[in-house]
Amino acid sequence: MDFKFEQHVKVKVTNDLSKTILDILNLKKYKKPFIVVEKFLLDMPVVKEFFNTLRENSIEFITYDEVLPNPTVRMVDEGVTKFKENHCDSVIAIGGGSIIDTARGINVVRTLGGSSIKEYVNERELSKPCEGLISVPSTSGTGSELSNTFVITDEDKKEKLAVISDNAVSEFAVLYPKLTLTVPTQSTIATGLDAFTHALEGYTSTLSSPITDAICEKIMYLIVKYLPKVVKNGNDIEARERMMVAAAMGGWTMNSAGTHIGHSQAHILGAKYNITHGAACAYAAPGTIQYTANVEPKKIKEVGYILGAEFPEDVTDFEIGSIVSEKFRNFRDETLGLKPFSSYGISREEILSNIEEVKKEQFAINAPIKLDTKTMNDILEVFG
């Protein structure tokens, strides 16, 4: 039976990172964690304090800080090798979506065996839960800490590979808003818009349900309310916490409602042209909104209300799409100030050359619209 309200990850919002993780390690009797961490975070006082807490409690640990944005199969597989060589018994991920996705890949292979994470791509049901992963996000966007999907780049083929399974989730997610205080403005914007598009696409996906709809509406509301506050004042800890919660909930809704054509564009174009994932999702959103309105006008209109749009009484479905698409652009470009797509220097002809690849991307099947060549052309015409 396909239930629509499940959540397998134990979540803690905390103001004391060291104590919270130490309590989890003691609870589960983990003795030697493998810590996947962003290199720049190693200099943060709170991370240094956490490492000192582990040492003071005689907990040996290994760090792995070789992960880059858009993590590759090689990074995951090298992490598995290092995990095994050091006889670790658990994984702690401290960082953004790339770090958590890499840690999840490491945890899958070290639990289930095999020589590479590539062996688990497209395997929808892993044989058993992959326990032992504590995820500590340092950004508010991907929701990977609660999501059952993670994405790894095949650097040889320049394509993104997804592993999707409820058994591939974190065992624990620790939300510590102070970790996000130093995130650069453009990264804050891009990751926040990534979370918004998780909710937007989950809300309009063919997999959506009344209960996921309610959660998606709340996520979008939180992001519209609090993301501008974070952009204006990066030290607003309340706004940072609200964004972290919204992002985690966005990861959760993907488990049941999924994403669709917006993320298909982001996966194909982001991997090919080295566009950060959140930014690529944000560039894809206007076309996704415009053409989804043809089949889901009521939902797109609700998105518009969340964004502050107004509609004439006799508005058509296409006009709803246009109004909400423009309202999103205004939120993205004027209110927040995302880096403009034009700065990448990618021609429209080049973007349109990816129609067939985007149509075949695995999440496109969840789109509520028929993705024929003309519709896909129209959507990619407004990418950016």
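**Exercise 1. Enclosed space**

Task: Find how many cavities of 30 Å³ or more the structure holds, then describe what lines the largest cavity.

Solution: Start with the count: there are 2 cavities of 30 Å³ or more in the structure. Keep in mind as you work that this is a predicted model. Next, take the largest cavity, which contains about 70 Å³ of space. Its lining includes Ser 138, Thr 139 and Ser 140, along with Thr 180, Arg 240 and Met 243. Now look at the elements: α5 (185–204), α6 (210–232) and α7 (237–257) each give two or more residues to this lining. The largest share, 3 residues, belongs to α5. Finally, sort the lining of the largest cavity by class, and you get 4 nonpolar, 7 polar and 1 charged residues.

**Exercise 2. An open pocket**

Task: Work out which residues lie nearest the centre of the second largest pocket, and how its lining divides by class.

Solution: First, the volume of the second largest pocket is about 300 Å³. Second, 15 residues line this pocket, and Glu 159, Lys 160, Ile 268, Glu 361 and Gln 362 are the ones nearest its centre. Third, the elements giving two or more residues to the lining are β7 (159–164), α8 (261–273) and α13 (355–360). Last, the classes: the lining of the second largest pocket has 7 charged, 5 nonpolar and 3 polar residues.

**Exercise 3. Cysteines**

Task: Decide how many disulfides the whole structure has, and whether Cys 216 is buried or exposed.

Solution: Begin with the general idea: a disulfide covalently bonds the sulfur atoms of two cysteines. Searching the whole structure turns up 0 disulfides. For Cys 216, the nearest cysteine sulfur belongs to Cys 281 and is 14 Å away. A disulfide needs the two sulfur atoms within 2.5 Å, and Cys 281, whose nearest cysteine sulfur is that of Cys 216 at 14 Å, is in no disulfide either. Now check accessibility, where buried means under 20% relative accessible area. Cys 216 has 0% relative accessibility, so it counts as buried. Cys 281 has 1%, so this cysteine counts as buried too.

**Exercise 4. Rings and charges**

Task: Name the lysine that lies over the face of Tyr 344, and find the aromatic cluster that contains Tyr 344.

Solution: Count the ring pairs to begin with: there are 12 aromatic pairs. Then pick out one cluster, formed by Tyr 283, Phe 341, Tyr 344 and Phe 383. Over the face of Tyr 344 lies Lys 339, at 4.4 Å from the ring centre. Another such arrangement has Lys 299 over the face of Tyr 203, at 5.2 Å from the ring centre.

**Exercise 5. Around helix α3**

Task: Locate Asn 70 and His 87, and say what their phi angles are.

Solution: Take helix α3, residues 73–85, as your landmark; Thr 81 lies in this helix. Thr 81 has a relative accessible area of 40%, so it is partly exposed. Asn 70 sits in the loop between β3 (62–64) and α3, while His 87 is in the loop between α3 and β4 (90–95). For phi, recall that most residues other than glycine have a negative value. Asn 70 is not a glycine, yet its phi is positive, about 55 degrees. His 87, also not a glycine, has a positive phi of about 55 degrees. To finish, the relative accessible area of His 87 is 66%, so this residue is exposed.

Terms used: Residues are numbered from 1 along each chain as its sequence is written. This is a predicted model: local features need pLDDT of at least 70, side-chain atom pairs count only at pLDDT 80 or more; totals for chains, interfaces and linings use all residues. Side-chain values use heavy atoms; hydrogens and water are left out. Buried means under 20% relative accessible area, exposed over 50%, partly exposed in between (1.4 Å probe, protein chains only). Rings of Phe, Tyr and Trp (its six-membered ring) pair if their centres lie within 6.5 Å; planes under 30 degrees apart count as stacked, over 60 as edge-to-face and the rest as tilted. A charge sits over a ring if NZ of Lys or CZ of Arg is within 6 Å of the ring centre and within 35 degrees of the ring normal. On a 1 Å grid over the protein atoms alone, a cavity is a set of points where a 1.4 Å probe fits but cannot get out, and a pocket is an open set with protein on both sides within 12 Å along at least five of seven lines; lining residues have an atom within 4 Å of a point. Grid points are joined across faces, edges and corners, and a volume is the space filled by probe spheres set on the points. Helices (H or I, at least four residues) and strands (E, at least two) are DSSP runs, numbered from the N terminus. Ala, Val, Leu, Ile, Met, Phe, Trp, Tyr, Cys and Pro count as nonpolar, Asp, Glu, Lys and Arg as charged, and the others, Gly among them, as polar.
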